[in-house]
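Here is a friendly walk through a two-chain structure for someone meeting it for the first time. Have a look at it below, and then we'll go through some of its strands, helices and loops.

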Amino acid sequence: MTYMLTDKYSSLATAEPRVKTRPGSSTSATAFLPLSARDFYILFFLAQRERHGYGLVKAIDEHSSGAVKLDPANLYRAIQRLATEGLVEDGPQRTADAKGRERRYYRITERGRQVAAAEAVRMRDLAAAAADHQLIPDS
Amino acid sequence: MHSATPLLNAATRAYGRLLRLLPAPLRVARRAEMVELFRDMYRDGYSRSGARGALAVALWCFARLARMAVTERLQRPLRVPQRFDGDRMFTRTLADLRLAIRTLRRSPGFTAISILTLALGIGATTAIFSLVYGVVIQGLPYDEAHNLVYVDHKAPAVGFDDGLGGAPGLYWHYSHHADLIEDVTYWVPTEVTITGAGTEPTRVPGARVLAEMFTILRTRPLHGRLFSADEDAAEGPRAVLLSHGFWQQRFAGDPGAVGQDLEVSGRQYPIVGILPPGFRFTGADVYLDNQRDFTEGFGGFNGGMIARVNTGTTVEALRIELDRQIGQIDRTFDDGQTAAFLKDSGIASVPIALKDFIIGPVQQTLWILMGTVGFVLLIACANVANLFLVRAEGRQREVAVRRALGASRAQVLRGSLTESLTLASAGCLAGLLIARVSMRVLLSRIPFDLPRADEIGLNAVVLVFAVAVSLVAGLVFGTLPVLRSGGDLTGALRDGSRSATAGKARVRTRQGLVVAQIALSLVLLSGAGLMARSFTKLANVDLGFVPENLLTFQLSLPSSLYEDHDSVIAFHDALRERLQALPGVESVGAVRDMPLGGRSGGDILLEENDPPAAGEMPPVIWLTRAMPGYFGTVGVPLLAGRTMTQADQDDASPVIVLNQTAAEVFFPGEDPLGQRVSVGLDGEPKWLEVIGIVGTTKQERLAETAEPKAFVPLSSTGTFNSARRLSFVMRVASDPLAMADAVRTVVRQADSNLPIIAMRSMDQIVSEAGAPMAFTMILLGIAAGIAMVLGSIGVYGVISYIVGHRTGEIGIRMAVGAAGPDVRRMLLGQGSVVALTGLGIGLAGTLALMSTMESLLYEVDPFDPLTHATTSLVLLGVVLLATWVPALRASRIDPVEALRSD
């Protein structure tokens, strides 16, 4: 375990610049890691179901207890980038509320799902390593 | 929710605009979605915490967007071609600049004249702008100064249309009842004598203020503290605050001065604090606490009042509120008399923004000067543009070759602009130097108290102004020649400068420039002419006395040393006798307010035989004490009766002398001699017999309308102004100032603790009274002179150009029989057309602009036909003279030579 942790830290320390890929290219899912909290949250909530922008903002705000707050510009810059990387895609325009307002929905791609899963595994390993080293107090 | 919609739409629009900051790809792809999300979040904020919540959300989104835009743009790699472009542009500009400098150095005459002309224009404009900026534009050095208001009052029923100032009773009433006011305070300007061990007694301006003054102006002391509430109270502890300047001068900036005692008018005052350097309000050096019991009575209008109003209150709203309060004065003073007095004299408030009050009438003079130098700058630019046109002419073939070789018009323009901007920059630098020097001269010579003079300087704003002016000037005269060069490339290549059509267009451009110069010059010349005429009238105004060989000075006897009225009178009498005994002194007199020495003691005059009807207020009269011999000494003529003598000094049978204006105002069509009058409304009237009528003198300014004035014997008892302060006038045999030392010695022998105030000859006082107008006149005269010289150089240049351009044609004319005079006539005719067009436009401009000068003039109509006719003729003469010289040269052309050179 110790070996693994060292390995992971060293790989973080010498992290290569993020590989920018075009949709459809065959870069492995781990090449995207680590994800930023914002990107992970977006993928995580889209993995549950299609959502529109406002839905994403609210879900992320609630789940992170306000730690990750997204404004329109930053959310859509992220979505635009994730779309360029082939991790999410634009869904249909649909009625979103009782007043009949139409909103664009977004959904995760298969590739996006893989990347999110890889990130979840990475975090799980990290958490386990932290627990091994008594970094997380026993509950 | 409905009320939120307009705000939502406004916020959305703002957000939409901000989105433009984002890089194009993201913006194009996601704009609609970002806007929609923004609206959703805004609504969410509104439903959670109302408008405040919505606003917070909006601001947060704006800020995040702005931050992201910055990081996005910074992170984007610089495009390679862009950087390459930048480099190339820099290299190219540098090369252009080098070429421009080389070209300009090749024609040093042209370069020097252009730079000098521009430097004059830019320098003059910058110097005057720095005055305008420092005095008029720049905000006052107080926190939220826009909420500060000076509260003046007027009493139209007794002849005061403004300038009455404030009264303690009104201050007390306003401070307790008036709405719209955050705070109001009252102060009394005064003069105090500073005495002390081992120092000469000095007289300095002082003010009796309340602690509120510093709260209102948000002043923080430099050292020590400000006044406390205790010190405001009647009979409270004494305290004094010093201005920064006085502290520097008297205590050499030693912070240890706080806590020491200062002897003010014979009494010891502890220095509690030093005011900061920026604090110049009231202009006092020494601030004493005004320990008055404001409940004891209304008091007189002898102070100033300022207020800090609630934000958003207009001067007009405040005026209405204060006038309403004046109508309710009996809430504070319920004696009935106060209300009647205010009503009968028509007292009303005249609030003025504090800045306007401080700047005062000098604002208009400064703007007129600014306009004047602006005109000079325009004329200078026109001249340089003309020079550029001449040069462009000479280089036409060069330009045509460059264009034929593939240079675009833009490239040619760039070359020309680089040259003009290089010249303008040099002109700007030299102009700043001129501005610096001329400002120093101007400020040291300004003959009147320029408000805020110490806030004037070459600061960043003034520098930006100078650079902007130079830039615009450079662009204008750099672009003009290229635009005028037209597109006739082949013509230019074929026969150089002799393309007839392009030549005509250029002549027209240059003529247009000269027309503009003549028009602008005429406006300046007419302004200067009107000022000169006003000044002549003012210099010849009847003063009402004989100013030559008069020495004047003032004394003020402190109550600590001269306790009662009798000791004051005894001192003055004794001093007069001693002065009279000096060799070379013909006569000595004394009066409280001497001619051109201001006025005080305005009061009501009642006639015994013609008491005012109920509710009617008789006009105000200015009352002053005078010693026997005063009228003879200053040369005021006695028109009827007699003046006061030593025998009248005992006050047994009280007497009064009226000036002619007072006699006409109070006794129209009657003989005032022997009539009895009394002064003031308080108590039993004390009747004074009118014993004489004397001539009216100018009291405050040369350009004032005559005002009623009366004189009582120095020793009179009653409610007149104090006899402690007196102006002595001495008629002497020769130069008055040569007597100064002898007079000082006599006064020192009489009392070594008395400061002698303002010892001057009456001639000095008269010339100072005319100085502001002389100053404006001289500045306008200089500007008009420069304008005329530059204008005639322009005309000379154009006619010379026409002559050069038409040498061939003139040669042919002369070859076929035209004589020299015909050629001269033809050219003079062309010059006259240009001159008359310029004069016509200039006259129209003059008539449109002169009404702005009305307030600066004295007894001269701004549309005075004589002035305008004279200036037009003078300018026409100068222009024709400038035409004559090249015309003469043309008429001497040898036809053979001319034809050969063609």
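In this predicted model, strand β16 of chain B, residues 655-659, runs parallel to β18(B), and five bridges join the two. One of the facing pairs is B:Leu658 with B:Ile693, the latter in β18(B).

β18(B) itself spans residues 688-694, and six of its seven residues are buried, leaving the strand mostly covered. Strand β15 of chain B, residues 638-641, also pairs with β18(B), this time in the antiparallel sense and over three bridges. There, B:Gly641 has B:Gly692 as its bridge partner. Then there is β17 of chain B, residues 676-679, which pairs with β18(B) over two bridges, again antiparallel.

Elsewhere in chain B, take a look at β1(B), residues 148-154. Is this strand enclosed or open? Five of its seven residues are buried, so β1(B) is largely enclosed by the rest of the structure. On β9(B), it finds an antiparallel partner over three bridges, and here B:Leu148 is bridged to B:Arg308. Another antiparallel partner is β10 of chain B, residues 348-353, joined to β1(B) by six bridges. In β10(B), B:Pro351 stands opposite B:Val151.

| Strand pair | Sense | Bridges |
|---|---|---|
| β16(B) and β18(B) | parallel | five bridges |
| β15(B) and β18(B) | antiparallel | three bridges |
| β17(B) and β18(B) | antiparallel | two bridges |
| β1(B) and β9(B) | antiparallel | three bridges |
| β1(B) and β10(B) | antiparallel | six bridges |
| β2(A) and β3(A) | antiparallel | six bridges |

Now for a helix. α5 of chain B covers residues 168-177, and seven of its ten residues are buried, so to speak tucked under cover. The buried ones are B:Pro168, B:Gly169, B:Leu170, B:Tyr171, B:Trp172, B:His173 and B:Tyr174. What lies over them? The cover for the buried residues of α5(B) includes β2 (181-195), β9 (304-309), α9 (315-327) and α10 (337-344) of chain B.

B:Arg218 is another non-glycine residue with a positive phi, near 50° in its case. This residue belongs to the loop between α6 (212-216) and β4 (223-224) of chain B. B:Arg218 counts as exposed because it has 12 C-beta neighbours inside 10 Å.

Over to chain A. Three of its strands make an open sheet, in the order β1-β3-β2, with antiparallel pairing. Which strands stand at the edges? They are β1 (51-52) and β2 (88-95) of chain A; each has a single partner strand, so one side of each is left without a neighbour in the sheet. β3 of chain A takes in residues 102-108 and pairs with β2(A) over six bridges. Within β3(A), A:Glu102 stands opposite A:Thr95. Across β2 and β3 of chain A lies helix α4, residues 72-84, which runs at about 125° to β2(A).

Chain A has a peptide bond worth a glance too: the one from A:Leu33 to A:Pro34 is cis, with omega near -10°. A:Pro34 is placed in the loop between α1 (2-13) and α2 (37-48) of chain A.

How far does the confidence go in chain A? Its mean pLDDT is 80, and 79% of its residues reach 70 or more. Residues 1-25 of chain A are another matter, with pLDDT staying under 50 and twelve contacts beyond four places in sequence. Where pLDDT is low, the predicted coordinates should not be read in detail.

Finally, the two chains meet: 16 residues of chain B are in contact with 13 residues of chain A. On the chain B side of that meeting, eleven residues are nonpolar, five are charged and none is polar.

Terms used. Residues numbered from 1 in each chain as written. Chains lettered and ligands numbered in written order. Predicted model: local features only at pLDDT ≥ 70, side-chain atom pairs only at ≥ 80, totals over all residues. Contact = placed C-beta atoms within 7 Å. Nonpolar A, V, L, I, M, F, W, Y, C, P; charged D, E, K, R; others polar. Pairing = 2+ DSSP bridges. Helix = DSSP H or I, 4+ residues; strand = E, 2+ residues; numbered from the N terminus. Axes fitted to C-alpha atoms, helices over the stretch in contact; angles between N-to-C directions. Buried ≥ 20, exposed ≤ 12 C-beta atoms within 10 Å, placed from the backbone. pLDDT = per-residue confidence, 0-100.
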